[in-house]
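Open the model in a viewer with selection by residue number. The stops below go from one element to its surroundings.

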Amino acid sequence: HTAYRRQRQMCIRDSRMDKAKNLLTNEALTVQQIAQMCGFSDFSHFSRYFRKQAGCSPLQWRRKMGEPH
């Protein structure tokens with residue numbers, strides 16, 4: 001049961017990160033709005049979590065994705 005619960009939580013976190021990364025490409029939304037849309041009630045927690053998972057802040061991600069390739 002514990003392994004299943006842990007795996008399920010990881011899937012939820014992964015989908016929240018995918019959603020956040022996708023929403024960050026929409027510059028009409030603030031990072032605070034995106035945090036709320038992804039289920040984070042605390043912006044600071046979202047920012048720390050995003051940095052831990054993506055290796056950069058949400059704003060850095062947004063800038064990086066907005067650069068021409």
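Exposed means over 50% relative accessible area, buried under 20%, and partly exposed in between, with a 1.4 Å probe and protein chains only. Helices are DSSP runs of H or I with at least four residues, strands are runs of E with at least two, and both are numbered from the N terminus. This is a predicted model, in which local features need pLDDT of at least 70 and side-chain atom pairs count only at pLDDT 80 or more, while totals for chains, interfaces and linings use all residues. Residues are numbered from 1 along each chain as its sequence is written, and side-chain values use heavy atoms, with hydrogens and water left out.

Next, select Phe46, Ser47, Tyr49 and Phe50, the buried residues of helix 3. Look down the helix axis: these residues fall within an arc of 170 degrees, so they line one face of helix 3. The arc is taken over the directions from the helix axis to the C-beta atoms.

Now select the residues with the most neighbours in the largest nonpolar core. Of its 15 residues, Ala20, Leu24, Ile34, Cys38, Phe40, Phe46 and Phe50 touch the most other members. Helix 1 (2-23), helix 2 (31-37) and helix 3 (43-54) each give two or more residues to this core. A nonpolar core is a set of buried Ala, Val, Leu, Ile, Met, Phe, Trp, Tyr and Cys residues joined through side-chain atoms within 4.5 Å. Centre on Ala20: beyond its neighbours within four places in sequence, Ala20 is in contact (heavy atoms within 4.5 Å) with Ile34, Cys38, Phe46 and Phe50.

For the rings, select Phe40, Phe46, Tyr49, Phe50 and Trp61, which form one aromatic cluster. Rings of Phe, Tyr and Trp (its six-membered ring) pair if their centres lie within 6.5 Å; planes under 30 degrees apart count as stacked, over 60 as edge-to-face and the rest as tilted. The count comes to four aromatic pairs. One of them is Phe40 with Tyr49, tilted, at 5.6 Å centre to centre and 40 degrees between the planes. Phe40 is buried at 6% relative accessible area, and Tyr49 is buried at 13%.
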